[in-house]
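Here is a short briefing on one protein model. Please look at the sequence and the structure first.

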Amino acid sequence: MPAIKTLKDLLVDELRDLYSAEQQLVKALPKMAKAATSPDLKEGITMHLEETRGHVERLDQAFKTLGVPARAKTCKAMKGLVEEGQEAIDLEAPDAIRDACLIGAAQRVEHYEMAAYGTARAFAATIGEDEVVDLLQQTLDEEGETDKKLTELSETVNQEANDLASSDDKDDEED
Ligand code: FE
Ligand code: FE
């Protein structure tokens, strides 16, 4: 018999993957916040760290509602995304450039989460687990809001990063 026989089994499997993903983020986000130079970016990442702790709790509730143990299954995708986040942290570049890179890494994370929560929510809806749908929708909304805020922040940060090049040009002209 396969380990996953029903759509509920698959939902639980997806939730275990997400449980791992969120736990990895609870560890990774403080490092990204520390590496950010823009105060707004720092604050944004720190705020989302708090939300992320809430995402772990909502998954705990979802497991409880479904009557299964809260267990994580290593999310390999998030492992890779966190590794890329570390590359952004370690990027040897002017501050605004590193910030731009950090935003790109953070948005990849949010998009991955949005896809995974959307999938899990659809499974929960199909099997009529309305409470779980609600929990997943709340988190999905917060991931979406975070992604939007990052897009807004990127406008200032990217401009700053680009202004570095024009001040370089000026230096060149003066030489
Ligand atoms: Fe999350
Ligand atoms: Fe997130």
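**Overview**

The protein has an accessible surface of about 9700 Å², and carbon and sulfur atoms account for 51% of that area. Accessible areas come from the Shrake-Rupley method with a 1.4 Å probe, and for residues only the protein chains shown count as cover. This is a predicted model, in which local features need pLDDT of at least 70 and side-chain atom pairs count only at pLDDT 80 or more, while totals for chains, interfaces and linings use all residues. Residues are numbered from 1 along each chain as its sequence is written, chains are lettered from A and ligands numbered from 1 in the order in which they are written, and side-chain values use heavy atoms, with hydrogens and water left out.

**Fold and dimensions**

- The protein holds five helices and zero strands. Helices (H or I, at least four residues) and strands (E, at least two) are DSSP runs, numbered from the N terminus.
- Along the sequence the pattern reads α-α-α-α-α.
- The C-alpha atoms fill a box of roughly 75 × 25 × 20 Å along the principal axes.
- Of the 175 residues, 39% count as buried. Buried means under 20% relative accessible area, exposed over 50%, and partly exposed in between (1.4 Å probe, protein chains only).
- Among contacts between residues at least 6 apart in sequence, 78% join residues at least 24 apart. A contact means heavy atoms within 4.5 Å.

**Helices α3 and α4**

- The axes of α3 and α4 come within 8 Å and cross at roughly 170°. Axes are lines fitted to C-alpha atoms, for helices over the stretch in contact, and angles run from 0 to 180 degrees between N-to-C directions.
- The two helices α3 and α4 are therefore roughly antiparallel. Angles under 35 degrees count as roughly parallel, over 145 as roughly antiparallel, 65 to 115 as roughly perpendicular and the rest as oblique.
- Residues of α3 that meet α4 include Ala-77, Leu-81 and Ala-88. Among their counterparts in α4 are Arg-98, Leu-102 and Tyr-112.
- Leu-91 sits in the loop between α3 (76–90) and α4 (95–126). Leu-91 is partly exposed, because its relative accessibility is 30%.

**Salt bridges**

- A salt bridge is a side-chain nitrogen of Lys or Arg within 4 Å of a carboxyl oxygen of Asp or Glu. By this rule the count is six.
- Arg-58 pairs with Glu-142, with the closest N and O atoms 3.2 Å apart. Arg-58 lies in α2 (residues 39–66) and Glu-142 in α5 (residues 130–174), so the pair ties together parts 84 residues apart in sequence. Arg-58 counts as buried, at 16% relative accessibility.
- Arg-98 forms a salt bridge with Asp-95 at 3.3 Å between the closest N and O atoms. Both lie in α4, three residues apart, about one turn of the helix. Arg-98 is buried at 14%, whereas Asp-95 is partly exposed at 41%.
- Glu-145 and Lys-148 meet in a salt bridge of 3.5 Å, N to O. Both lie in α5, three residues apart. Glu-145 is partly exposed at 41% relative accessibility.

**Surface features**

- Leu-91, Ile-97 and Leu-164 form a nonpolar surface patch with about 190 Å² of accessible area together. Patches are made of residues with over 30% relative accessible area and no salt bridge; like charges are joined within 9 Å, and nonpolar side chains (Val, Leu, Ile, Met, Phe, Trp, Tyr) within 5 Å.
- Lys-27 is in helix α1 (residues 7–35). Lys-27 counts as exposed, at 67% relative accessibility.
- Lys-27 and Leu-49 are 22 residues apart in sequence and 9.1 Å apart in space, C-alpha to C-alpha.
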